[in-house]
Amino acid sequence: MNGSPPSWNTLRQVWKLDPVAGSIVPQTIDIHAICDAETRRLRLRVLSDWVSALIGSGFFLALGTQAESVWGRTAFALVVLMTLFYPLWTRHARRSLWQASADTPQAYWTLRANRARHTLHLVRIAPWVFLAGCLVGIALHRGLPETDTSRIQPLVRGWMFPIAVIFLVPMTVHAIQQRRHQQGILRECETVLADLAPESEEPSLTPTPAPPSPPLHGRR
């Protein structure tokens, strides 16, 4: 393709007039509907992040009210802030994933590729987030004064480990499936973007002067 890429409406009209115009045309038109559907799913994920964060922060806030020491209340307050930080961070990271930068095929496929990269990034950091949560729990368990643990331990003893396992197993399966799915999407986007990329400029017809030859030494 030479010059600027065709607009979205132009591709739509081409496909209506010539259904055999090439496989790239229906793929490009379909991406508009795909991005709209993924935008709706993205809103649901944002809502899910906030609901999970609010439930988690409410849980730690309730435990913090049972603490009697200043250190215990401060520690749980910090955990609540850390729990609320995650949806704030993901909201910041998704700021460029809501709409395409332009109404062109490249922009829509680039948007979808960026969304896939973002999801893969979240999948990669998920184990570290889980590990950080475990370390925070261990630190609270070992660092709280006995006056606090004697009141808090009965509230969490016996059911914290089963709940962690119940959540961890499906989340791990979902993360593996998401990783494979998003890698496939990213490969598809990179292939289509390579097809849509403008061709490199043709080499100039003006011959490039050759560098001067070194002086010839006379024969002995």
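Trp 89 is partly exposed at a relative accessibility of 25%, where partly exposed denotes the range between buried (under 20% relative accessible area) and exposed (over 50%), computed with a 1.4 Å probe on protein chains only. The structure is a predicted model, in which local features need pLDDT of at least 70 and side-chain atom pairs count only at pLDDT 80 or more, whereas totals for chains, interfaces and linings use all residues. Residues are numbered from 1 along each chain as its sequence is written, and side-chain values use heavy atoms, with hydrogens and water left out.

Trp 89 lies three residues from Tyr 86 in helix H3, a separation of about one helical turn; helices are DSSP runs of H or I with at least four residues, strands are runs of E with at least two, and both are numbered from the N terminus. Tyr 86 is likewise partly exposed, its relative accessible area being 30%.

Two aromatic pairs are found in a search of the whole structure. In one, the ring centres of Phe 59 and Phe 60 are 5.3 Å apart and the planes meet at 70°, so the arrangement is edge-to-face. Phe 59 has a relative accessible area of 28% and is partly exposed, as is Phe 60 at 23%. In the other, the rings of Tyr 86 and Trp 89 have centres 6.3 Å apart and planes at 40°, so this pair is tilted. Pairing requires ring centres of Phe, Tyr or Trp (its six-membered ring) within 6.5 Å; planes under 30 degrees apart are stacked, those over 60 edge-to-face, and the rest tilted.

Helix H3 comprises 24 residues, 70-93, and spans 34 Å between its first and last C-alpha, close to the expected 34 Å (1.5 Å times one less than the number of residues). A kink of about 25° occurs at Phe 85, shortly before Pro 87; the bend is the angle between axes fitted to the seven residues ending at a position and the seven starting there. Buried residues of H3 include Phe 76, Val 79, Val 80 and Pro 87.

The largest nonpolar core contains 15 residues, and Ile 31, Cys 35 and Trp 109 are among those with the most contacts inside it. Such a core is a set of buried Ala, Val, Leu, Ile, Met, Phe, Trp, Tyr and Cys residues joined through side-chain atoms within 4.5 Å. Helices H2 (24-66), H4 (105-143) and H6 (160-196) each contribute at least two residues to this core, with the largest share, seven residues, coming from H4.
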